[in-house]
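Thanks for asking me to look over this one with you.

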Amino acid sequence: MPRLSIWSIRAALIHLGIGFTLGGLMLFNKGITLDPSLWRLLPIHVEFVLLGWTVQLAMGVAFWILPRLQRTERYGNPTLAWIAFALLNGGVLAVAAGEWLDSPAWLILLGRSAELAAVAAFAIYIWPRVKPFGG
Amino acid sequence: MPRLARWFIKAGLLYFVLALITGVLLQARTVIDLPSWVNVLNPVYVHLLTVGWITQLIIGVAYWMFPKFSRERPRRSEKLSWAVFVLLNAGLILRIISEPRVTMRSEPDLGWMLAVSAVLQTTAGWLFVINTWARVKER
């Protein structure tokens, strides 16, 4: 497994653990009320499990298993994929911080834009690797 | 494919079908009269899809295909992985049973089931993270 996949999949695992914990807190609170304001965690929970966990895991596994480019430079220039990794995680954290802190809408907008840029960068990087094995 | 991976994936498929049945019920209530508990099934529908199907499919495939931990223990702790399977499914089933009733306030005494469900699913998530972490490696 290449280094970028290791970082992506481990980051995805952390998001899974935190996302499940936030969801668990809200579900517990629905059954036995701890603090009504815990419902504010909902958008953060969704952000962590949807983008931080599921999307990031898919990107990490795709980088690992899709056909390689050449024998010598198997992954080509992975700079864009690393940028995608940084932007996705930065974006998820910015959206989560924006939701939790009730900060101005620009922080959440910045986070969503970073997520968009991450997916675009990853798509550009991975595009030539969507090909027949050995092709 | 190891036995536990098959259990995860087959359980995931069952939840997938159950999720889509729930989705049909949620839509059907707009056309025909259905019991009132159908109106509060949305969270169950979402979690049948995302936890029961997608997450469980990922766990099963990761258990099967991720790099081996060692020659002696290729999938690290098999016991821990079975615990993930039992806790995740028990937690999800408890949620399916109790959440609509608690939401409708018809049986608020079942709130403890939701709390237990939350603890079981959260524990399952972290146990999966712990057991999988060291298998996310170069070889």
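The points below cover a surface patch, a pocket and the cavities of this predicted model.

1. Let's start on the outside. I14(A), I18(A), W126(B), I130(B) and W133(B) make up a nonpolar surface patch, and together they have about 410 Å² of accessible area. Two helices, α1 (3–31) of chain A and α4 (111–133) of chain B, each give at least two residues to this patch. The largest share, 3 residues, belongs to α4(B).

2. I18(A) counts as partly exposed because its relative accessibility is 31%.

3. Next, the largest pocket, which holds about 580 Å³ of space. It is lined by 26 residues, and those closest to its centre are H45(A), V49(A), V46(B), H47(B) and T50(B). Both chains take part: α1 and α2 of chain A, and α2, α3 and α4 of chain B, each supply at least two lining residues. By class, the lining has 14 nonpolar, 9 polar and 3 charged residues.

4. There are also 2 cavities of 30 Å³ or more. The largest has about 90 Å³ of space, and its lining includes F8(B), Y63(B), F128(B) and R135(B). This lining has 6 nonpolar, 3 polar and 1 charged residues.

5. The second largest cavity has a volume of about 60 Å³. Among the residues lining it are L4(A), M59(A), F85(A) and F122(A). Helix α2(A) gives the most to this lining, 4 residues, and the lining has no charged residues.

How values were computed:
Residues are numbered from 1 along each chain as its sequence is written. Chains are lettered from A and ligands numbered from 1 in the order in which they are written. This is a predicted model: local features need pLDDT of at least 70, side-chain atom pairs count only at pLDDT 80 or more; totals for chains, interfaces and linings use all residues. Side-chain values use heavy atoms; hydrogens and water are left out. Patches are made of residues with over 30% relative accessible area and no salt bridge: like charges are joined within 9 Å, nonpolar side chains (Val, Leu, Ile, Met, Phe, Trp, Tyr) within 5 Å. Accessible areas come from the Shrake-Rupley method with a 1.4 Å probe; for residues, only the protein chains shown count as cover. A salt bridge is a side-chain nitrogen of Lys or Arg within 4 Å of a carboxyl oxygen of Asp or Glu. Buried means under 20% relative accessible area, exposed over 50%, partly exposed in between (1.4 Å probe, protein chains only). On a 1 Å grid over the protein atoms alone, a cavity is a set of points where a 1.4 Å probe fits but cannot get out, and a pocket is an open set with protein on both sides within 12 Å along at least five of seven lines; lining residues have an atom within 4 Å of a point. Grid points are joined across faces, edges and corners, and a volume is the space filled by probe spheres set on the points. Ala, Val, Leu, Ile, Met, Phe, Trp, Tyr, Cys and Pro count as nonpolar, Asp, Glu, Lys and Arg as charged, and the others, Gly among them, as polar.
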